[in-house]
Amino acid sequence: MIRDILMYMDRTYVTNFKKTPVHELGLNLWRDHVVRSPKIKSRLLETLLSFIHRERNGDMINRGLMRNIIKMLMDLGPSVYQEDFEKPFLEVAAGFYKMESQEFIECCDCGDYLKKAEKRLNEEIERVSHYLDSKTEIKITAVVEKEMISSHMNHLVEMENSGLVSMLAYDRYEDLGRMYNLFKRVSPGLALVRDVMTAHLRNMGKQLVTDPERLKDPLEYVRCLLNEKEKYDKIITTSFNNDKSFQNVLNSSFEYFINLNARSPEFISLFVDDKLRKSLKGVTEEDVESLLDKVMMLFRYLQEKDIFEKYYKQHLAKRLLSAKSVSEDAERSLILKLKTECGYQFTSKLESMFLDMKTSKDTMQGFNAMLSSSDICDSPSLSVQVLTTGSWPTQPGTNCNLPREILAICDKFKTYYLSTHTGRRLTWLTNMGTADLKADFGKGQRHELNVSTYQMCVLMLFNAADQMTYKEIELATDIPPVDLKRNLQSLACVKGKNVLQKDPMSREINEDDVFIFNENFSSKFFKVKISTVAAQKENEPEKQETRQKVEEDRKPQIEAAIVRIMKSRRILDHNNIVSEVTKQLQSRFLPSPVVIKKRIESLIEREFLERDTTDRKLYRYLA
């Protein structure tokens, strides 16, 4: 009002003589004589801080009055608001929250404490929005964060039965989300959460992959891995705002503990084998894709992907040859995913196996048409799969004396095949075949037996004799002793499938045992499947053999990588070669420096490389 009355003076006199404008002069006088008056200044501050204290304790205060007073202080200039109110306000707040946080930490568990901290933080933000300067928000929240979060971070995270580990174990998504949001505000809050989570994940994973009980069941082992991955993916998505740094922690932890167990590649392949054999019947295409994606996720963590490839190829071969795969689309989908992940080289042989199956089908159609045209009807029906050597993980063909009737039809097929294909050689893999036999037992019982080729060879002997010794069977069939014993166990020692009887009766097969045709065999099923006794997992010698094959397959890959690198670099020191080779091959396996060194020595012997004459650690490429 005074400014309006003295407007003319303000425009002329004040401007000409460089005096303080009327309004500003009034504010200065108000500041110096009223607001900073010794009797008013401290009383005003105490009243304001008292109002805020009461509000923090849950009382209702006159926010309109507070807003007007704070606005007045701000109108008097930023320094007045900051010096006369904001600075003491922050100091008092720090003391208040320091004391309150101490009380909370002594009586609350981690989840409750975080709720109270979050509530206090939100209250202060709301207070600023109602009657404080907006610039105060960052300062007061920093005070609350320091006193209520930073000061107690370690204690909160490690709190027994309610800290981070407990929250992760019991899927407390809400508490985890609150911890993430609060700890994100302070440094190094999230780093601490990540470190504790990493330690917990690695410890939990180590227990999982080394638990002797779980190792007995490969399917349960992989199921547990998938469940844990799904659980922590959900935590990161739901509670940690899909934070990439936490996803990296999860990935590195899984990679760490999955590779602690050298049998992880084998177990993952067994899990896939089980799913593609029977578990996917009646499952929707989306669910199949989802499951295959989960399996690929575990596959990515494997450092020795070539070992998985070895086992996967063996299992795929068995599925294809026994026609046990429930979905060719699912098989091809997984191969496509492996191809995308590891390249064409990884899956070329797998794709070749599918091609062989299709070609074999066409070959059999031609052979059967030839048989029907030549009026041969009394011979057994034959189904042959012709496998390309090198594409299939087949065992070396072992000699086996096939029954006369079977041998005749096999010879006909061989003649037909070689007449339609030039420059090829056929080797019968009798250890991988199956047969359907019609068998007559006592009391007019008739059954169709589904057996292995070896079992067929044994059973056909009993057309001419009622009993035979182990030695006689071995001599007549020429089946390797290990395989013969396993097949005789299946025929004589499995309850409900014992078409032969053994004397003396025991689980083990001995060389002086006698086998008798079981006239009294009966089953409620017309078709009886007699499986060969075999362990699902590899035994120790088989594991060693698989490992040895993998090591042999790696040698040329390592050498090829060394030659590629040296061809482009010409001269390189030992450490850099090791580093480059590891980098190139890590998508398939992690070569050890010792093996790389041996391959370098081999290449030097074959004059692909040479050592530098002055520096023994330096290698030169020889064109």
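This report describes selected local features of a predicted model, from salt bridges to strands, a pocket and backbone geometry.

Residues are numbered from 1 along each chain as its sequence is written, and side-chain values use heavy atoms, with hydrogens and water left out. Because the model is predicted, local features need pLDDT of at least 70 and side-chain atom pairs count only at pLDDT 80 or more, while totals for chains, interfaces and linings use all residues.

## Salt bridges

Side chains of opposite charge can pair when their charged atoms come close. A salt bridge is taken here as a side-chain nitrogen of Lys or Arg within 4 Å of a carboxyl oxygen of Asp or Glu. By this rule the model has 50 salt bridges.

Accessibility is classed by relative accessible area: buried means under 20%, exposed over 50%, and partly exposed in between, with a 1.4 Å probe and protein chains only. Helices (H or I, at least four residues) and strands (E, at least two) are DSSP runs, numbered from the N terminus.

Glu 124 lies in helix α8 (residues 110-131) and Arg 56 in helix α5 (residues 38-56), so the pair ties together parts 68 residues apart in sequence. Glu 124 is buried, with a relative accessible area of 0%, and Arg 56 is buried at 5%. Both residues belong to a network of salt bridges that also links Glu 55, Arg 63, Glu 126 and Arg 127.

Glu 511 is partly exposed at 44% relative accessibility, and Lys 471 is partly exposed at 43%.

## Strands β4 and β5

Strand β4 (residues 500-503) has a covered face, formed by Leu 500 and Lys 502, and an uncovered face, formed by Gln 501 and Asp 503. Strands are paired if DSSP finds at least two bridges between them. Here 4 bridges join β4 to strand β5 (residues 514-517), and the two run antiparallel. Gln 501, on the uncovered face, stands opposite Ile 516 in β5. Asp 503 is joined to Pro 504 by a cis peptide bond, with omega about 0°. Pro 504 is placed in the loop between β4 and β5.

## The second largest pocket

Rolling a probe the size of a water molecule over the atoms shows where empty space is left. A pocket is found on a 1 Å grid over the protein atoms alone, as an open set of points where a 1.4 Å probe fits, with protein on both sides within 12 Å along at least five of seven lines; lining residues have an atom within 4 Å of a point. Grid points are joined across faces, edges and corners, and the volume is the space filled by probe spheres set on the points.

The second largest pocket holds about 490 Å³ of space. Of its 21 lining residues, those closest to the centre are Glu 309, Lys 310, Lys 313, Lys 349 and Asp 553. Helices α19 (305-321), α21 (344-373) and α26 (540-569) each supply at least two residues of the lining.

The C-alpha atom of Lys 313 is separated by 9.2 Å from that of Ser 391, 78 residues apart along the chain. Ser 391 is in the loop between α21 and α22 (404-420) and is buried at 9% relative accessibility.

## Backbone geometry in other loops

Pro 188 is in the loop between α12 (173-183) and α13 (189-210).

Asp 171 is not a glycine but has a positive phi of about 55°. Asp 171 sits in the loop between α11 (164-169) and α12, where it is partly exposed at 30%. Glu 607, also not a glycine, has a positive phi of about 60°. Glu 607 lies in the loop between α28 (593-605) and β8 (609-611) and is exposed at 62% relative accessibility.
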